[in-house]
Amino acid sequence: MVMRMIVNRVLHPVGHGAFFTEQFYDCQTGENVMNVVYDCGVRSNQPLLEQEIDGAFARSNRPHVDFLFISHLDKDHVSGIKY
């Protein structure tokens, strides 16, 4: 069985550049099946990172991150991992 999905990708500017969040939806049911974050760092404003991630998934039936991808280990890409 093949599951067709729609992806909603959002670019979040957080002061050093940006990070992405993605929500994957089942085309048949419209249900959110997965939430993804790509990178999660900021240089100075941690509350902004938290606000952006919370806001990205707040209206979802899955208000959590399922997968976190880190492109490389520079501080401005990893400083929000704990959150």
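## Basis of the model

The structure is predicted, and local features need pLDDT of at least 70, side-chain atom pairs count only at pLDDT 80 or more, and totals for chains, interfaces and linings use all residues. Residues are numbered from 1 along each chain as its sequence is written, and side-chain values use heavy atoms, with hydrogens and water left out.

## The sheet

Four strands, in the order E1-E2-E3-E4, make up an open sheet with mixed pairing. Strands (E, at least two residues) and helices (H or I, at least four residues) are DSSP runs numbered from the N terminus, and two strands pair if DSSP finds at least two bridges between them. Strand E1 (5–12) and strand E4 (67–69) each have a single partner strand and stand at the edges, so one side of each is left without a neighbour in the sheet. On average, and with direction ignored, neighbouring strands are turned by 20° against each other; the axes behind this angle are lines fitted to C-alpha atoms, for helices over the stretch in contact, and angles run from 0 to 180 degrees between N-to-C directions.

## Pairing around strand E2

E1 and E2 run antiparallel and are joined by eight bridges, and the bridge partner of isoleucine 6 in E2 is tyrosine 25. Strand E2 (residues 19–26) also pairs with strand E3 (residues 32–38) in the antiparallel sense, over six bridges; here glutamine 23 stands opposite asparagine 35 in E3, and phenylalanine 20 stands opposite tyrosine 38 in E3. Five residues lie between E2 and E3 in the hairpin that they form, and glycine 30 in the turn has a positive phi of about 75°.

Six of the eight residues of E2 are buried, so this strand is largely enclosed by the rest of the structure. Buried means under 20% relative accessible area, exposed means over 50%, and partly exposed lies in between (1.4 Å probe, protein chains only).

## Selected residues

Histidine 12 belongs to strand E1 and is buried, with a relative accessible area of 4%. Its side chain is joined to that of threonine 21 by a polar contact of 2.6 Å, a term for a pair of N or O atoms within 3.5 Å where, within protein, one must be able to donate a hydrogen and the other to accept it, and where residues adjacent in sequence count only if both atoms are side-chain atoms.

Aspartate 39, in the loop between E3 and H1, is buried at 11% relative accessibility. Phi of aspartate 39 is near 65°, a positive value in a residue other than glycine, whereas most residues other than glycine have a negative phi. Leucine 68, in strand E4, is partly exposed, with a relative accessible area of 39%; leucine 68 and isoleucine 81 are 13 residues apart in sequence and 8.6 Å apart in space, C-alpha to C-alpha.

## The largest pocket

The largest pocket holds about 180 Å³ of space. Of the 13 residues that line the largest pocket, Val37, Ile53, Phe57, Val65 and Tyr83 are the closest to its centre. Helix H1 (residues 46–57) gives the largest share of the lining, three residues.

Notes
1 Å grid on protein atoms, 1.4 Å probe; cavity = no way out; pocket = protein on both sides within 12 Å on 5 of 7 lines; lining within 4 Å. Points joined across faces, edges and corners; volume = space filled by probe spheres on them.
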